[in-house]
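I opened the model today and kept notes as I went. The entries follow the order in which I looked things up.

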Amino acid sequence: MQIITTASQPFSDQRPGTSGLRKSVSTFQQEHYLENFVQSLFDVLDGYVGKTLVLGGDGRFFNLTAIQIIIRMAVAAGFGRILVGRDGLLSTPAVSHLIRKNEAFGGIILSASHNPGGPEGDFGIKFNTANGGPAQEVLTEAIFQHSTQVAHYHYADIPEVPLDQLDQYNFGHTVIEVIDPVADYAELMQTLFDFNAIKSLIDNGFQVYFDAMHAITGPYAQHILGELLGVANSNLLNCEPKPDFGGSHPDPNLTYAHELAERMFSDTAPDFGAASDGDGDRNMILGHQCFVNPSDSLAIIAANAALIPAYKNGLTGVARSMPTSAAVDVVAEKLGIDCYETPTGWKFFGNLLDANKITLCGEESFGTGSNHVREKDGLWAVLCWLNILAVRKQSVSDILRQHWQQFGKHVYTRHDYEGVESTSAKKLVEHLLNNLLNLTGQEFNGYTVKCADEFSYTDPIDHSMSEHQGIRLLFENGARIIFRLSGTGTSGATLRVYIEDFCDDTNRHNENTQSYLKTLIQIADDIAGIQTHTGMVSPTVIT
Ligand code: VG1
Ligand code: CO
């Protein structure tokens, strides 16, 4: 076997964002582009010779091409064993589990998550370390710095590896194993949840729908929800992973998962509906004519965790990303456990999970997870809900209503302004930052600003600092408005505005979220000049 070294030119745009390096497919298709990034990764890592690498992706366009390139480079780099999902498929949480289970050196996940796929869509690559979690900022920054100088890369001159069947191949000192993408993950789920209780709930007529959005969770849902738990095949929607996700955004929210949403809000709606995203780490939970806001979902799972076998002995603590509503904070207080507030992105939960400071964590962006892996996990969240429903024998909306009665309701919405011109978005942020100091103490329509700042975070375990993590307006009555620019987009900028108010008046719990938050929504626009800067009169996506 020959190792070939190819000269290349560095690219200047390979800095990973919130979750890995995400670019348009055409950017990744440039000669040497993927190779340079992978070489930069291998160059800054140390100690992987002879060790295991887990490799797979969400099945989007360019997945298979990228996998063959990475196999050749990983063989040249001297990995001892490469575990690849059959057909190049592995969900993000499954990769995290496989890394941990096999004590691998790390894993490479090929996905742009909720971004659209296909030749005109997006592609992405992220590296997860030995704990199963996304690489921390020090590492991604080192990879980026290296990528601005990398001048050549190495690959093994080997034939294409067939990925369509479970098999094993040897090249030099490396063994490549094509593995079942679902089996290990399904086994893990069975150790966490009461499958018998969930199955008997479903056997007794509780109707479950799941929408895989033509993305990676299809095969996982067919096996776990279908074969193991008895959900009818006809209730498992869009379960065949497609390279272009059927032409839509594989993003589980009411806008993009509209097929499921329409069904769940119809007169003949089933009892439970859920959807997942491109790479299987997000989840949306719906009940009969009822939507569970992700921040509430995290709080409800935390409040009911004792009903789930894996968490029956209690939680060590919980964490949420800063823009996520404070619903889980109130639960933590009641349970007498710590609650941590981290910047956006799963990489910030890893140290807290590893140190056993937290058991559950989540984000407002439809991501929830626990210490069973080091990624957010879509199907896990669905199983949490099914397990709780099987024990409580109540409807989703009853559970939601009772939760608000007990803990109060954090009325919450996120407004996304997509496709904003980058310079206008930067100006909006500058304008806000310049005015921050003047805002404290000011009153806007009955809401007085208690504190206005830019969120920065010091990791309680390794004391690393992350700055510029979003602009916060905290009001005296507990209401919050947060502004952030997305770190996962691939063209222009996306402004995210997170708006939250606390309501303990049960008579108002059924009120429409947008009208309840109307005053705060107006305040957000007045303070940030959203319409003036973006030229947009309304958000593109409201969740
Ligand atoms: C978004 C979400 C964030 C999530 C990230 C990755 O980031 O807001 O909460 O962790 O996507 O999710 P941003 O920077 O665009 O707001 V995904 O499912 O890539 O894996
Ligand atoms: Co995702």
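**Entry 1: the ligand.** I began with Asp281, where a polar side-chain atom lies 2.9 Å from an oxygen atom of ligand 1. This is a predicted model, so I note every distance as a computed value. I then looked up Thr18, and found an N or O atom of its side chain 2.5 Å from an oxygen atom of ligand 1. At Gly487 the backbone takes part: a polar backbone atom is 2.6 Å from an oxygen atom of ligand 1.

I listed the surroundings next. Ligand 1 is surrounded by 21 residues, and the closest are Thr18, Arg22, Ser365, Gly487 and Thr488. What classes of residue make up the shell around ligand 1? I found 10 polar and 11 charged residues, and no nonpolar ones. As for its place in the protein, ligand 1 sits in the largest cavity.

**Entry 2: Arg414.** I placed Arg414 in strand 19, which covers residues 409-420. Is Arg414 buried or exposed? Its relative accessibility is 9%, under the 20% limit, so I put Arg414 down as buried. Its side chain makes a polar contact of 2.9 Å with the side chain of Asp416. Setting aside neighbours within four places in sequence, I recorded contacts of Arg414 with Glu364, Ser365, Arg496, Val497, Tyr498, Val541, Ile542 and Thr543. I also checked Arg414 against Thr324: they are 90 residues apart in sequence, and their C-alpha atoms are 9.6 Å apart.

**Entry 3: Ser370.** Ser370 belongs to strand 18, residues 367-370. I noted it as buried, with a relative accessible area of 1%. Which side chains does the side chain of Ser370 meet in polar contacts? I found Tyr311 at 2.6 Å and His372 at 2.7 Å. Beyond four places in sequence, Ser370 touches Tyr311, Leu353, Thr359, Leu360 and Trp380.

**Entry 4: helix 10.** I went through helix 10, residues 294-303, and found that 9 of its 10 residues are buried, so the rest of the structure largely encloses it. I wrote down the buried ones: Pro294, Ser295, Asp296, Ser297, Leu298, Ala299, Ile300, Ile301 and Ala302. Which residue caps the N-terminal end of helix 10? I found Asn293 there, with a side-chain oxygen 2.8 Å from the backbone nitrogen of Ser295.

From Ile301 I took a distance to Thr65: the two are 236 residues apart along the chain, and their C-alpha atoms are separated by 39 Å. Thr65 lies in helix 3, residues 63-77. I have Thr65 as partly exposed, at a relative accessible area of 43%.

**Entry 5: backbone angles.** His214 is not a glycine, yet its phi is positive, about 60 degrees. I located His214 in the loop between strand 10 (208-211) and helix 8 (217-228). His214 is buried, with a relative accessible area of 16%.

Phe245 is another residue with a positive phi, near 50 degrees. I found Phe245 in the loop between strand 11 (236-237) and helix 9 (258-264). Phe245 has 0% relative accessibility and counts as buried.

Terms used
Residues numbered from 1 in each chain as written. Chains lettered and ligands numbered in written order. Predicted model: local features only at pLDDT ≥ 70, side-chain atom pairs only at ≥ 80, totals over all residues. Heavy atoms only, no water. Buried < 20%, exposed > 50% of the residue type's maximum accessible area, 1.4 Å probe, protein only. Helix = DSSP H or I, 4+ residues; strand = E, 2+ residues; numbered from the N terminus. Polar contact = N/O pair within 3.5 Å; in protein donor to acceptor, adjacent residues only side chain to side chain. Near = heavy atom within 4 Å. 1 Å grid on protein atoms, 1.4 Å probe; cavity = no way out; pocket = protein on both sides within 12 Å on 5 of 7 lines; lining within 4 Å. Sits in = over half its atoms within 2 Å of the grid points. Nonpolar A, V, L, I, M, F, W, Y, C, P; charged D, E, K, R; others polar. Contact = heavy atoms within 4.5 Å.
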